[in-house]
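Here is a friendly tour of one protein model, written for a reader who likes cut-offs stated plainly. Please keep the viewer open while you read.

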Amino acid sequence: MKFKTLLKRLMLGTVTVAAGISLVGCGSSTSTQSSESSSESSQSTTKTTAASKARDQANNQIMSGQYKEALKTLLAVKNPDSQTRSMIKDLQKYLAAQDAYNDQEYDEAVNDLSSVSSNSKPMRSAFISMKNKAKQAQQAASASSSAQSSQANSSSSSSSSAVNSAAASQTGMDVINAFAAKMNFNQSSYGIIPEGKDGDVYTFEVRQNNDDNTVAHLIGIYQYNAATGAVTKIN
């Protein structure tokens, strides 16, 4: 009886010691996990703080017009977060647009500034300002090009009119009537316009009006030799 009682006490003591060891182990594991979590949180906070400080500095540089310096500031961050990476992307697009503007590539500059990725207010303001500037230059360039084209067309038209006037003064009505009779262009609906003269060879543009005389369709360009009566259609 005493032996059984002693055996039970020994077994109970063994269980108690094992439980104690187990609790000590759990406490150690929990402590390790807590320490690791605290370390990771500290690293994350440090990373966020460094990136945030860099963004604040970059925003001040952007407001001062120091865009390249702002980009250098952000690129120096070792572990940039998503907002820092977005600002880097925006600054690279802005600087590319600035280069395009300086090269008078206004369409390209406007395209580079199509969207802003970051939440930076100074960056957004810079985008809007540069985009408006590029659009104004784009419109001015377009207006200048149109004016030059119009002037060139006007000069060409004046030159053509002068040539036609000179050709008409060198072409007698007898020549025109002879050409019209030969080609059966002597109806009132036909218009014969002298285009040039080379010796006895005359060049005429022939048009025919529609029924209500609102449109003169081109019939062709002809060369007429007044000496031989030969006619050649050249267009």
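## Overall picture

Of the 235 residues of the protein chain, 26% count as buried, where buried means under 20% relative accessible area, exposed over 50%, and partly exposed in between (1.4 Å probe, protein chains only). This is a predicted model, in which local features need pLDDT of at least 70 and side-chain atom pairs count only at pLDDT 80 or more, while totals for chains, interfaces and linings use all residues. Residues are numbered from 1 along each chain as its sequence is written, and side-chain values use heavy atoms, with hydrogens and water left out.

The accessible surface of the protein chain is about 15,600 Å², and 49% of it belongs to carbon and sulfur atoms; such areas come from the Shrake-Rupley method with a 1.4 Å probe. The protein chain has six helices and four strands, taken as DSSP runs numbered from the N terminus (helices: H or I, at least four residues; strands: E, at least two). Read from the N terminus, the order is α-α-α-α-α-α-β-β-β-β. Among contacts in the protein chain with a separation of 6 or more, 44% join residues 24 or more positions apart, a contact being heavy atoms within 4.5 Å.

Helix α6 spans residues 173–183, and its buried residues are V175, I176, F179 and A180. They lie on the same side of α6 because they cover an arc of only 130° around the axis; the arc is that of the directions from the helix axis to the C-beta atoms. What do the buried residues of α6 pack against?

| Strand packed against by the buried residues of α6 | Residues |
|---|---|
| β1 | 190–198 |
| β2 | 201–209 |
| β3 | 216–225 |
| β4 | 231–233 |

On the face of α6 turned away from its buried side sit the exposed residues M173, D174 and K182. Just after α6 comes N184, with a positive phi of about 60°.

S86 is found in helix α3 (residues 82–102). Is S86 buried or exposed? S86 counts as buried because its relative accessibility is 17%. Leaving aside neighbours within four places in sequence, S86 is in contact with S117 and S118.

E108 belongs to helix α4 (residues 106–112). With a relative accessibility of 42%, E108 counts as partly exposed. The C-alpha atoms of E108 and A97 are separated by 7.0 Å, and the two residues are eleven apart along the chain.
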